[in-house]
Amino acid sequence: MDLRAFGKDYYRYHHQAQQAGVKFQRCRVSRIRENPKTRSLFLLARAEDGKSISSEFDMVVLSAASVLAFT
């Protein structure tokens, strides 16, 4: 559960996104439901400290970890 920006200067992109109001949240998502009337997404998750998170968003981006293997 780590936030990383891959590549040269991508940390600046991450920082600029935060300044523009993008919310980055480390958590384990358990459920995402769409509100059919508003088309927004209702997210249920568990934060790093074990607290439950429930919020409504316009967009949710889920990213899986990747492992690079060199032989």
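Arginine 39 is found in the loop between β1 and β2. The model in which this residue is placed is predicted.

**Exercise 1. The layout of the chain**

Task: State how many helices and strands the protein chain has, and in which order the elements run.

Solution. 
Step 1. The protein chain has 1 helix and 3 strands.
Step 2. Read from the N terminus on, the order of the elements is α-β-β-β.
Step 3. The chain has 71 residues, of which 10% count as buried.
Step 4. The accessible surface is about 6,800 Å², and carbon and sulfur atoms hold 51% of that area.
Step 5. Among contacts with a separation of 6 or more, 15% come from residues 24 or more positions apart.

**Exercise 2. The pairing of the strands**

Task: Determine how many bridges join β1 to β2, and how many join β2 to β3.

Solution. 
Step 1. Strand β1 covers residues 27-34 and strand β2 covers residues 41-47. These two strands run antiparallel and are joined by 7 bridges.
Step 2. Strand β3 covers residues 52-57; it is antiparallel to β2, with 6 bridges between them.
Step 3. In this second pairing, leucine 41 stands opposite phenylalanine 57 in β3.

**Exercise 3. A salt bridge**

Task: Find the residue whose side chain meets that of arginine 39 in a salt bridge, and decide whether arginine 39 is buried or exposed.

Solution. 
Step 1. A search of the whole structure finds 1 salt bridge.
Step 2. Its partners are glutamate 34 and arginine 39, with a distance of 2.9 Å from N to O.
Step 3. In general, side chains of opposite charge can pair when their charged atoms come close.
Step 4. Arginine 39 counts as exposed because its relative accessibility is 61%, and exposed means over 50%.
Step 5. Glutamate 34 has a relative accessibility of 44% and therefore counts as partly exposed.

**Exercise 4. Serine 40 and its surroundings**

Task: Decide whether serine 40 is buried or exposed, and state which residues it is in contact with, leaving aside its neighbours within four places in sequence.

Solution. 
Step 1. Serine 40 lies in the loop between β1 and β2.
Step 2. Serine 40 counts as buried because its relative accessibility is 7%, and buried means under 20%.
Step 3. With neighbours within four places in sequence left aside, the contacts of serine 40 are Arg33, Glu34, Asn35, Glu56 and Phe57.
Step 4. With glutamate 56, serine 40 forms a polar contact of 2.3 Å between side chains.
Step 5. Serine 40 and phenylalanine 57 are 17 residues apart along the chain, yet 5.7 Å separates their C-alpha atoms.

**Exercise 5. The segment after β3**

Task: State where aspartate 58 and leucine 62 are found, and which residues make the nonpolar surface patch.

Solution. 
Step 1. Aspartate 58 is in the segment after β3, and leucine 62 is placed in that segment after β3 as well.
Step 2. Aspartate 58 counts as exposed because its relative accessibility is 74%.
Step 3. The C-alpha atoms of aspartate 58 and leucine 41 are 6.2 Å from each other, with the residues 17 apart along the chain.
Step 4. Leucine 62, at 57% relative accessibility, therefore counts as exposed.
Step 5. Val29, Ile32 and Leu62 make a nonpolar surface patch of about 240 Å².

How values were computed
Residues are numbered from 1 along each chain as its sequence is written. This is a predicted model: local features need pLDDT of at least 70, side-chain atom pairs count only at pLDDT 80 or more; totals for chains, interfaces and linings use all residues. Side-chain values use heavy atoms; hydrogens and water are left out. Two strands pair if DSSP finds at least two bridges between them. Helices (H or I, at least four residues) and strands (E, at least two) are DSSP runs, numbered from the N terminus. A salt bridge is a side-chain nitrogen of Lys or Arg within 4 Å of a carboxyl oxygen of Asp or Glu. Buried means under 20% relative accessible area, exposed over 50%, partly exposed in between (1.4 Å probe, protein chains only). Patches are made of residues with over 30% relative accessible area and no salt bridge: like charges are joined within 9 Å, nonpolar side chains (Val, Leu, Ile, Met, Phe, Trp, Tyr) within 5 Å. Accessible areas come from the Shrake-Rupley method with a 1.4 Å probe; for residues, only the protein chains shown count as cover. Contact means heavy atoms within 4.5 Å. A polar contact is a pair of N or O atoms within 3.5 Å; within protein, one must be able to donate a hydrogen and the other to accept it, and residues adjacent in sequence count only if both atoms are side-chain atoms.
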